[in-house]
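I opened the model today and kept notes as I went. Here is what I was looking at.

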Amino acid sequence: MMSQTSFFTDSNALNGKPANHLSHEALKRVLNEQQFEAVIHGEGPLLILAGAGSGKTRVITHRIARLLAEGASPRSIIALTFTNKAAGEMRERIASLSDRITSGLWVSTFHSACLRILRQHAERINYPKDFIVYDMQDQVRLIKLCLIEIGLEEKKFPARQISSFISRFKNKMKGPEDAEKETRGNDEFIKVFGMYERRLAESRSMDFDDLLLKTLYLLRNEEEVRTGYQARFEHILVDEFQDTNMAQYEIVHHLAGKRRNICAVGDDDQSIYQWRGADITNILNFEKDFPDAKIVLLEKNYRSTGNILRGASEVVSRNIGRKEKKLWTDNTAGEKIKLYTATDEMDEAKYVVDQTKAMQRNDGLSLNDVAVFYRTNSQSRAIEDALRRDGFPYQIFGGLKFYDRKEVKDILAYFKAALNHFDVVSFKRIINTPPRGIGAVTIAKLEMAAITEGVSLSAALDNISVIQGLGASAREKLEKFREILSAIRSKVTSASPADAINEALTITGYMDWLSADKKSESLSRLENLTELVNAAEEFEERTGENSMMAFLDQSALISDADKIDETTATVKLMTVHISKGLEFPAVFVTGLEDNMFPHARSKGDSAQMEEERRLLYVAMTRAKEKLFLTHALTRRVFGVSQANTPSIFLNDIPKEVLAKSGGGEAVTNFTSRPGRTRTPALTNRPVKSFKNKREQGEEIGGFRVGQKVSHPSFNVGVIRAIEGAGEKSRITVYFPRFGEKKLMRKFAKLTTI
DNA sequence: CAAGATTTTAGTATT
DNA sequence: TAAAATCTTG
C-alpha cells in the first residue's frame with residue numbers, strides 16, 4: 001500500500017535468492033543513504049524522524065529482515081504499531097523480504113501485545129486469566145452506573161466527558177489520588193474516578209488504558225516477568241512514535257532493559273491524536289532520554305508531487321514547537337493544487353463527482369485511486385448522496401464500527417457475562433435485553449441482595465432465595481433469565497464461537513424479538529447478527545482459534561479501518577484521522593471552512609489549533625498526484641444553513657501552487673498570500689469585510705444588531721451583525737455555547753426575545 | 001413495564 | 001437533521 005513501486009517490485013524479483021538481497025550492496029540499491037543507515041544501524045537506541053511519504057515502513061521492514069538475516073531469532077524481535085492494519089501490512093512485507101520462518105516474531109499493536117502478556121500473567125496481579133476487556137462503550141456505561149450510585153446528575157457530569165478525563169489521567173499513569181492533587185475543587189470527578197477504578201477491578205475487567213497500565217505494573221514489579229521479556233526481546237521497534245503515550249513509552253523502556261535496542265520511528269508533524277493522550281514529548285525528548293541515540297532524518301518524499309509537498313509543508317510550517325525539517329522530492333512539480341469554492345455542500349459534492357468522472361475519463365484513474373476526506377463524519381452524507389446519484393460505488397470508513405453496534409454488543413455481552421460473572425456492565429446490559437419484564441425495581445432488589453451477601457449479581461441470581469421482597473412474577477422472570485445465562489455458559493465451553501453465537505440468538509430470544517418487529521431497522525439488525533456469525537466463522541478459520549475469549553478479545557481490539565477492500569473499485573470516503581498512513585493518487589479534502597476545519601471546538605486553544613494544522617498536513621500529504629481542496633460558502637449543519645468563511649489554513653498555501661475555481665461572485669475574506677506571513681491562528685476575530693454592515697440599533701426585517709434571539713438548536717444568542725436585506729440577508733449571531741454563527745435569515749428559525 | 005412522544009444535543013475515535 | 005436520552009402514558 002505504501003509502496004514505492006520500483007522498490008517493491010524489486011524485492012519481489014529477489015524472492016528466489018533472499019540471502020543476497022539483504023547484503024549491504026543490495027540494500028544500497030533499494031534504499032537511499034539515510035534509509036540505508038537506519039536499516040544497518042547496529043546495537044543501541046535509534047530514532048528515525050520520517051517525514052510524510054519518506055518510506056518509513058520500508059525502513060522498518062527492511063531493518064527487521066536484515067536483523068533476521070544477520071541471525072537474530074524471530075522471537076527476539078517485537079515491532080509495535082498502533083493499528084491492526086499497520087501490523088498486518090508490516091507482517092506481510094517482512095515475510096516477503098525474509099526467507100526465514102518468522103513465527104515467534106511479534107508484530108502487533110501495543111494493546112494486543114499487552115493483552116497477550118496479561119493473559120499470561122494476570123494472576124500475579126490478582127486478575128483471573130479470563131478477565132474481560134471493556135471498550136469505550138462499556139467504560140461509559142460503568143461510569144454511568146457510578147454516577148447513579150454517587151447520586152450525581154448525568155446532565156452536569158456527562159459520562160463520556162468523564163471517561164475521557166479519566167483516560168487522560170490513566171494515560172499519564174495517574175490514578176484518583178493524583179487527580180485529587182491536580183484537580184483541587186473537583187471532588188465529584190475524583191469520587192467518580194475512584195469508584196470507577198474500584199468497580200472496574202471488581203468486575204475483573206480492564207479498559208484499554210488498563211491493558212497498558214497493568215502490563216507496565218507487571219514489568220515494574222514482577223521481576224521474573226520483566227527479566228523474562230527483557231531476555232527475550234533483543235530488538236524493539238516502535239512505529240508512529242509521535243502518537244505513543246507515557247504508559248506506552250514506559251513499557252518500551254522496560255522491555256528494552258539494559259540492552260536499549262529501541263528503534264523508534266515517527267514524525268512530530270503527523271501527531272494527530274494528542275486529544276487522546278498521545279504525548280508528543282516522547283519523540284521530542286527521545287534524544288534527552290537516550291543521549292547516545294543515533295538519529296536519522298528521512299526527508300526525501302517519494303509520494304507526492306512538488307506542488308502538493310510544497311503546499312502541505314507551508315501549512316504545517318506555521319506551527320511553533322516542531323522539529324524543523326525540510327522535506328524535499330525529486331518528483332516533478334506536477335499539477336497545481338486545485339481549490340474549489342462551492343456554493344453549498346451539495347455543490348461541493350457535485351464537484352467531487354464531476355472531477356472524479358473527469359479523471360476517470362482523461363487520466364484513466366480507477367475509482368480505487370480516489371479518496372475523499374472530511375473533518376467530521378457527518379459531512380459524508382452530501383458526498384454519499386451525490387456519488388449514489390451518479391452510480392459511483394463507494395466505501396465509507398469510520399463512524400459506527402461493526403462491533404459497536406447495539407445488537408452485536410448485546411449478543412457478545414451474554415458471553416462476557418457468562419465467562420466472567422463479575423462483569424457488571426455486561427450483566428446489566430442483557431438482563432432485560434430483549435425485554436423480558438425485568439425492570440428497574442427488580443434489578444435494584446437483586447443488587448441489594450448481591451451487596452448484602454457480598455457476592456456478584458450473577459451469584460445472587462443463582463441463589464434467588466436471598467433476594468428480599470420479590471414478587472412471584474418477578475421471581476419467575478429472574479429464574480428464566482438465570483436459565484438463559486446458564487445455557488449460554490454451557491455453550492461457551494461446548495461449541496465453537498460461531499455455533500455458540502448462532503445458538504445464543506435463539507436461546508436469548510433475540511432473534512424472535514427482532515423478527516417480531518417490522519421496522520426496516522430491525523431487519524438490518526438481523527443482517528448484522530448473521531454477519532456476526534460469519535465473522536466468528538471467519539475468525540476461526542483465519543486464526544485456528546476456537547475459544548470464545550479469543551474472539552471477544554479481537555472484537556474489542558479490532559476496527560473497521562482494518563478491512564479496506566481493494567478488490568472492487570470504489571471511491572473511499574473517510575475522516576482525515578482515518579487517512580493517516582494511507583496514500584492515494586487523487587485526494588479531495590473537503591469542508592475547508594472556518595469552524596469546520598479548523599473545527600469550532602479547537603478555536604482559542606493554541607495546542608488544538610496546531611493539531612488541526614497537522615491534521616490538514618496529514619490530509620494533504622496523502623495525495624500522490626492530484627489534490628483538490630474544497631470549501632462551501634454555506635453548509636447545512638444540524639439542519640441549519642450556515643454561512644462559512646474559508647479556512648484560515650488556506651491562506652498559508654502559496655498561490656503559485658494553487659489553481660482556484662468556482663464560487664464566482666461571493667469569494668470574500670480570502671486572499672492567498674505567499675511567503676511566511678504568520679496567520680493569527682488563535683483569535684476568534686470577528687469576520688471582516690462585511691458588505692452593508694448595519695449600525696447598532698438599525699432594524700432590518702425585524703432584527704437588529706445587539707438584539708437577543710433564540711434558536712431551536714443553538715439556544716439564546718446575541719446578534720452581532722446583519723448583512724444584506726430580504727431573502728438573502730445573513731445574520732451573524734453569537735451563541736454562548738456554540739460560538740459565532742453566520743445564518744441565512746431565510747432558513748434560520750430565529751425568534752426575538 | 002414498555003411503547004410512544006418529547007426533548008436534548010451536536011468532534012476527531014489507531015486501541 | 002438525526003440520534004439518543006428522557007418523559008409520558010396506556
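The entries below follow the order in which I looked things up.

**Ground rules.** This is a predicted model, where local features need pLDDT of at least 70 and side-chain atom pairs count only at pLDDT 80 or more, while totals for chains, interfaces and linings use all residues. Residues are numbered from 1 along each chain as its sequence is written, chains are lettered from A and ligands numbered from 1 in the order in which they are written, and side-chain values use heavy atoms, with hydrogens and water left out.

**Entry 1: salt bridges.** I looked up the salt bridges (a side-chain nitrogen of Lys or Arg within 4 Å of a carboxyl oxygen of Asp or Glu). My search of the whole structure gave 56 of them.

I went to Lys409 and Asp135, a salt bridge with its closest N and O atoms 2.6 Å apart. This pair links distant parts of the chain, 274 residues apart: Lys409 is in helix α20 (residues 406–419), and Asp135 is in the loop between β4 (132–134) and α8 (136–150). For the names, helices (H or I, at least four residues) and strands (E, at least two) are DSSP runs, numbered from the N terminus. Are Lys409 and Asp135 buried or exposed? Both are buried. I noted the cut-offs: buried is under 20% relative accessible area, exposed is over 50%, and partly exposed is in between (1.4 Å probe, protein chains only).

I stayed in α20 for the next one. Asp410 and Lys406 form a salt bridge there, at 2.8 Å from N to O. They sit four residues apart in helix α20, so about one helical turn separates them. Asp410 is buried, with a relative accessible area of 1%, whereas Lys406 is partly exposed at 34%. I also found a network: salt bridges with shared partners join Asp267, Asp268, Asp269, Arg322, Glu324 and Lys325.

Lys338 and Glu335 make another salt bridge, with the closest N and O atoms 2.9 Å apart. Lys338 counts as partly exposed because its relative accessible area is 24%. Glu335 is partly exposed too, at 34%.

**Entry 2: the nonpolar cores.** Next I checked for nonpolar cores (sets of buried Ala, Val, Leu, Ile, Met, Phe, Trp, Tyr and Cys residues joined through side-chain atoms within 4.5 Å). Which residues touch the most other members of the largest core? They are Phe415, Phe481, Ile501, Leu532 and Phe551, out of 51 residues. Helix α20 turned up again, as it gives the most to this core, with eight residues.

I clicked on Phe551 and listed its contacts (heavy atoms within 4.5 Å). Leaving out residues up to four places away in sequence, Phe551 touches Tyr403, Leu412, Pro497, Ile501, Leu532, Ala535, Ala536 and Phe539. Another core lies apart from that one; it has 44 residues, including Phe110, Met206, Leu216 and Phe241.

Helices α22 (440–453), α29 (576–579) and α30 (606–620) each supply at least two residues, and α22 gives the most, with three.

What part of DNA strand B does the side chain of Asp243 approach? An N or O atom of that side chain is 2.6 Å from a base oxygen.

Entry 3: Most residues other than glycine have a negative phi, and most peptide bonds are trans. I looked for exceptions.

- Thr433 and Pro434 are joined by a cis peptide bond, with omega about 0°; Pro434 lies in the loop between α21 (424–430) and α22.
- Phe597 and Pro598 also have a cis peptide bond, with omega about 10°; Pro598 is in the loop between β13 (584–589) and α30.
- Met173 is not a glycine, yet its phi is positive, about 60°; it sits in the loop between α9 (159–171) and α10 (176–182).
- Glu240 has a positive phi near 50° and lies in the loop between β6 (235–238) and α14 (246–256).

Key. Polar contact = N/O pair within 3.5 Å; in protein donor to acceptor, adjacent residues only side chain to side chain.
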